Amino acid sequence: MAKILVFIESANNKIKKSSLELLSATTGNEVAAILIGDNVSTVAQGLKNYPVQKAFVFNNAALKDYNSSYYFSCFEQAIKKFSPDLVLASGSMAAKDLLPRVAAKFDGGIAGDCVGLKISGTKVEARRPLYSGKVLATAEFTDASKIKVVLMRPNQLPQPAEGASNCEITEETFTAPATKVRVKEVVKSSSAKPDLTEAGVIVSGGRGMKGPEHFKLLEDLAETIGATVGASRAVVDAGWVPHAMQVGQTGKTVAPNLYIAAGISGAIQHMAGMGSSKVIVAINKDPEAPIFKKATYGIVGDAFEILPKLKEEFSKLLSH
Amino acid sequence: MNILVCIKQVPDTETKIKLGGTGIDTAGIKWIMNPYDEFAVEEALKLKAAKPETQVHVLTVGPKARAVEALRTALAMGADEGAVIDAPETLDNYNIAKAIAAASKTLGEFGILLSGKSAIDDNNFSVGQMVAAFLDIPHVTSVSKADYTEKGALLEREIEGGAKEIIEVEFPAMITANKGLNTPRYASLPGIMKAKKKVIKELALTDCGVDVANIKVKYTNFELPSDRPPVQMISGEPQEQAQKLVQLLRQEAKVI
């Protein structure tokens with residue numbers, strides 16, 4: 001049995017789906033959660049529905065926004081109290097920024113962007129795609145790793161079974177450490193949609209969309225099916241949409257249940273970012289487009305005609 | 001203020017990856033500088049252009065025979081000096097970071113350390129932060145905009161869902177670069193000629209206090225991902241195609 005500290009993150013006063021998923025991999029071990037933020041006490045209560053034995057809650061106005069030195073000091077406190085073998089998190093921007101520091105400071109190794117996890121006793125093995133997903137390999141933690149840190153790619157693990165637990169929730173004292181890094185401002189985006197990296201459904205557009213004005217078609221469809229909109233590198237480089245929307249090697253790695261690619265030819269760099277999507281739909285005028293080799297379903301046709309029809313059909317289906 | 005840029009040599013994305021022995025077969029791979037590290041090199045050169053007394057050092061960890069090529073590229077872009085820490089292909093990120101942290105102290109005094117936010121081969125997003133941890137300096141990752149002052153910088157980094165964070169950091173600090181920070185320059189022909197004469201120091205892992213027996217993570221069970229089943233093409237008029245697709249997504253794929 002391993003002692004596992006799980007980084008539970010919340011958004012809009014709810015535990016994030018990507019954080020809950022982690023709890024399906026920890027069954028049978030001694031599990032503690034760490035929650036950091038402002039007004040997260042009620043969020044922590046939600047853990048009582050899952051197999052978690054303990055929760056360290058850092059609830060402080062100063063922790064409202066992620067700050068690497070503040071969040072590190074919370075982790076330090078929880079790790080010293082709990083001495084976990086494994087620290088487990090979803091690959092969020094906060095976790096990716098912070099947990100390498102945690103690994104280094106506690107003399108441990110780290111495996112990021114994992115798609116599979118095996119914990120037997122205190123032995124930890126994580127499956128990871130390497131070389132743009134062209135190879136899969138197991139990251140095996142050696143005995144020299146005093147602490148093991150694993151970041152899971154969202155949407156790879158099932159949701160955990162619910163059931164009442166006796167989670168012991170403790171409010172921890174946070175004392176702000178001296179810091180040389182300060183968050184001055186957080187510029188929120190207007191979108192209430194989940195981030196691409198966590199989205200269950202993504203509708204992406206490429207050069208075949210011909211111009212930024214036509215992204216409205218993708219947004220309309222996304223609205224109907226609760227999807228997040230993505231884009232290929234070509235349209236980001238052309239300045240049609242911001243870089244935050246780019247899926248691919250120099251953009252985001254995504255793994256939704258459904259990925260709809262409209263007007264995207266499927267360059268290898270794009271496939272590197274979306275290749276592990278469960279179901280891929282490709283809509284492209286060119287029947288030779290490489291994206292069809294990766295797709296589950298393919299439609300040779302004009303995205304301008306297909307997308308509105310798709311929206312119509314989905315509306316019909318979902319209104320029933 | 002001098003700058004240290006940490007770069008990694010990685011296989012070009014277009015390169016075919018084959019398995020060999022207990023890992024990948026590195027024969028025939030085309031190697032390039034990690035694309036995110038190009039943004040880091042460019043950022044250092046921009047700072048040097050503003051303050052010409054700045055020295056830009058580039059450092060890499062890897063099998064020296066090939067890894068020096070990435071350094072030559074950075075030197076041809078305009079970096080002043082290079083150093084390579086000779087290390088096996090299989091060295092893990094913890095020990096790579098430890099070696100960089102130790103080497104940074106022997107190579108000079110650096111106010112700014114720069115690197116790409118992640119390497120496209122192992123996609124780990126971790127070495128920069130680990131170097132910062134070992135040096136006890138702050139880090140800011142995935143930076144897409146930067147304004148520098150004497151003592152620090154105001155940095156913009158992308159967080160979830162297109163939101164942005166503006167962060168103030170004091171030097172010395174580690175900054176990792178995201179796309180959008182700048183447009184990396186190409187090495188010019190005179191640059192390439194000059195690079196040939198620039199110094200590349202060689203360091204051994206033992207000089208950096210790294211013992212390869214202390215590897216924290218090793219990779220095993222390499223395999224090629226299984227092929228996806230062949231595509232199911234949906235024919236007909238647009239209306240029909242849309243209907244069929246929605247039906248398949250509901251009934252067959254069960255994702256809607």
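Predicted model: local features only at pLDDT ≥ 70, side-chain atom pairs only at ≥ 80, totals over all residues.
**Close-up views of chains A and B**

**Figure 1. Polar contacts link chain B and chain A.** Between chain B and chain A, 50 residue pairs are in polar contact, with both residues at pLDDT 80 or more. On the side of chain B that touches chain A, helix α6 (residues 238-251) of chain B supplies the largest share, ten residues. That side of chain B is made up of 42 nonpolar, 20 polar and 20 charged residues.

**Figure 2. Here is the whole contact between the two chains.** Chain B brings 82 residues to the contact, and chain A brings 87 residues. The size of an interface is often given as the accessible area lost when the parts come together. For chain B and chain A, the buried area is about 7,600 Å², and carbon and sulfur atoms give 56% of it. Which residues of chain B lose the most area to chain A? They are B:K179, B:K216 and B:R228, which together account for 10% of what that side buries.

**Figure 3. Salt bridges cross the interface of chain B and chain A.** The rule finds eleven salt bridges across this interface. For one of the salt bridges, look for the side chains of B:E160 and A:K16, with a distance of 4.0 Å from N to O.

**Figure 4. A strand of chain A pairs with a strand of chain B.** Strand β18 (residues 297-300) of chain A lines up with strand β15 (residues 232-233) of chain B in the parallel sense, over two bridges.

**Figure 5. A:S145 sits in a loop of chain A.** This loop lies between β10 (135-141) and β11 (148-152) of chain A. Is A:S145 buried or exposed? Its relative accessibility is 2%, so A:S145 counts as buried. Leaving aside residues up to four places away in sequence, A:S145 touches A:D107, A:G108 and A:G109, as well as B:K216 from the other chain.

**Figure 6. Strand β9 of chain A is largely enclosed.** Why is strand β9 (residues 123-130) of chain A described in this way? Seven of its eight residues are buried, so the rest of the structure largely encloses this strand. Strand β9(A) pairs with strand β8 (residues 116-120) of chain A in the antiparallel sense, over five bridges. β9(A) also runs antiparallel to β10(A), and six bridges join these two strands.

**Figure 7. Two hairpins share strand β9(A)****.** In the hairpin of β8(A) and β9(A), two residues lie between the strands, and A:G121 takes a positive phi near 65 degrees. Along this pair of strands, A:I119 has A:V124 in β9(A) as its bridge partner. The hairpin of β9(A) and β10(A) has four residues between its strands, and A:Y131 in the turn has a positive phi of about 45 degrees. Here the bridge partner of A:A126 is A:A139 in β10(A).

**Figure 8. Chain B is shown as a whole.** The secondary structure of chain B consists of six helices and 15 strands. Its C-alpha trace spans about 65 × 45 × 40 Å along the principal axes. Chain B has 256 residues, of which 56% count as buried. Among the contacts in chain B with a separation of 6 or more, 71% come from residues 24 or more positions apart.

Key: Residues numbered from 1 in each chain as written. Chains lettered and ligands numbered in written order. Heavy atoms only, no water. Contact = heavy atoms within 4.5 Å. Buried area = accessible area lost by both parts, 1.4 Å probe. Polar contact = N/O pair within 3.5 Å; in protein donor to acceptor, adjacent residues only side chain to side chain. Nonpolar A, V, L, I, M, F, W, Y, C, P; charged D, E, K, R; others polar. Pairing = 2+ DSSP bridges. Buried < 20%, exposed > 50% of the residue type's maximum accessible area, 1.4 Å probe, protein only.
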